[in-house]
Amino acid sequence: MHPTLLPMLANIGVEGDYQPTLKPADVPAALGARPYAGLLVRSKMQISAALLAHGPHLRYVARAGAGVDNIDVEALGPAGVVLLNAPEGNRDAVGEFAVGALLALLRHTTTADAEVRRGEWRREANRGEEIGTKTVGLLGYGHMGRAFARRLSGFGCTVLAHDHDPTVFADGHAQLVPLAELQARADVLSIHIPYTPANDKFVSEAFLAAFPRPLWLLNTARGDVLDLAALVAALQSGRVRGAALDVLENEKLATLSPAQRARFDYLAQAPNVVLSPHIGGWTHQSYVRINEVLVAKIGKLLGSD
């Protein structure tokens with residue numbers, strides 16, 4: 001956690017016990033050692049019903065980031081624990097990153113850079129496309145999708161969004177449409193849905209086959225919402241013209257299974273694929289802002305007593 005966390009907590013009257021070197025196996029015993037009211041975690045710590053049982057005084061679990069796929073959400077209610085997360089903290093970072101990823105795809109930035117470094121000067125081969133001529137489809141229109149859409153508005157492109165949540169509202173940056181319409185019209189697909197069991201490999205072979213035109217694909221959400229085998233096949237067939245992936249199905253590259261290794265090796269050598277190590281929301285500014293958002297939510301929760 002950014003070192004601003006403890007002073008921020010102190011400002012709202014909360015004592016923080018920061019233990020960044022604590023191993024997951026040691027967390028249950030630590031929870032039982034003191035009457036902790038809250039548990040703040042990043043993405044590596046798994047929160048289960050069994051773990052919550054060791055913290056009988058817990059009132060909230062706070063996730064320092066947006067995704068909560070490391071937390072058994074269904075176990076929180078019976079334990080009387082509230083879930084807090086901070087998508088507002090890194091949404092701007094993700095929105096900016098997605099613009100850069102799209103530009104890198106459409107303008108062949110990474111390929112051209114590698115060629116020039118090898119002493120190759122290939123202008124025509126790297127003639128690109130303009131964002132303003134495209135229809136961009138956003139799968140998911142929460143904090144991250146909206147942040148991307150706001151930044152796309154300056155390019156003059158058409159932005160469509162689909163979200164399965166009926167309470168999601170439209171704004172001036174994207175048109176909310178049914179999924180079938182997004183697939184029928186989009187030139188670019190950008191994924192902004194969280195990982196849940198229902199979303200596992202949601203972007204599948206059949207999903208990609210529903211787009212009538214070859215498309216560019218961005219994933220800054222979670223690796224498991226995209227079927228990488230389907231993506232590799234679509235890249236090989238030309239159904240997907242290029243992909244920018246900030247997340248993968250297995251981000252511990254030393255532990256890839258043979259099948260995962262084969263998919264990763266293809267993506268790593270493909271000139272129309274841009275890869276990055278889950279840094280979309282990872283900036284110096286978001287590091288602090290996540291603390292600000294979480295502490296404000298903790299203060300509001302405690303102040304409601």
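**Notes on the fold, sheet first**

1. Strand β5 (residues 158-162) and β6 pair in the parallel sense, over two bridges. Within that pairing, Ala161 has Leu176 of β6 as its bridge partner. Please keep in mind that this is a predicted model.

2. Now for the whole sheet. It is open, has seven strands in the order β6-β5-β4-β7-β8-β9-β10, and the pairing is parallel. At the edges sit β6 (175-176) and β10 (273-275), each pairing on one side only. Helix α5 packs on this sheet, where it touches β4 (135-139), β7 (188-191), β8 (215-219), β9 (240-245) and β10. The direction of α5 makes about 145° with that of β8.

3. Which residues touch the most other members of the largest nonpolar core? They are Leu189, Ile191, Val203, Leu217, Leu231 and Leu245, out of 32 residues in that core. At least two residues each come from β7, α9 (205-209), β8, α10 (228-237), β9 and α11 (258-269). Helix α10 gives the largest share, six residues.

4. Leaving aside neighbours within four places in sequence, Ile191 is in contact with Leu139, Val203, Leu217, Leu218, Asn219, Thr220, Ala221, Val225 and Leu226.

5. Val240 lies in strand β9. Is Val240 buried or exposed? Val240 counts as buried because its relative accessibility is 1%, and the cut-off for buried is under 20%. Val240 and Leu215 are 25 residues apart in sequence, yet their C-alpha atoms are 4.9 Å apart in space. Beyond four places in sequence, the contacts of Val240 are Leu208, Leu215, Leu217, Leu231, Ala234, Leu235 and Asn272.

6. With 20 residues at 1.5 Å a residue, α12 should span 28 Å, and its end C-alpha atoms are 29 Å apart, which agrees. The buried residues of α12 are Ser286, Ile290, Asn291, Val293, Leu294, Val295, Ile298 and Leu301. What covers them includes α1 (5-11), β1 (38-41), β2 (60-63), β3 (82-85) and α5 (87-106).

7. The start of the chain is worth a glance too. His2 is in the segment before α1, and at 18% relative accessibility His2 counts as buried, given a cut-off of under 20%. Not counting residues up to four places away in sequence, His2 touches Tyr287, Val288 and Asn291.

8. Finally, the record. An unreviewed UniProt entry places "domain: D-isomer specific 2-hydroxyacid dehydrogenase catalytic" at residues 33-301. Over that range the chain is 38% helix and 16% strand, with the end C-alpha atoms 24 Å apart. The UniProt annotation "domain: D-isomer specific 2-hydroxyacid dehydrogenase NAD-binding", also from an unreviewed entry, covers residues 100-280. Over residues 100-280 the chain is 33% helix and 17% strand, and the end C-alpha atoms are 10 Å apart.

Definitions and conventions: Residues numbered from 1 in each chain as written. Predicted model: local features only at pLDDT ≥ 70, side-chain atom pairs only at ≥ 80, totals over all residues. Heavy atoms only, no water. Helix = DSSP H or I, 4+ residues; strand = E, 2+ residues; numbered from the N terminus. Expected span 1.5 Å × (residues − 1). Buried < 20%, exposed > 50% of the residue type's maximum accessible area, 1.4 Å probe, protein only. Contact = heavy atoms within 4.5 Å. UniProt positions renumbered as here; feature names shortened; annotations may be inferred. Pairing = 2+ DSSP bridges. Axes fitted to C-alpha atoms, helices over the stretch in contact; angles between N-to-C directions. Core = buried A, V, L, I, M, F, W, Y, C linked by side-chain atoms within 4.5 Å.
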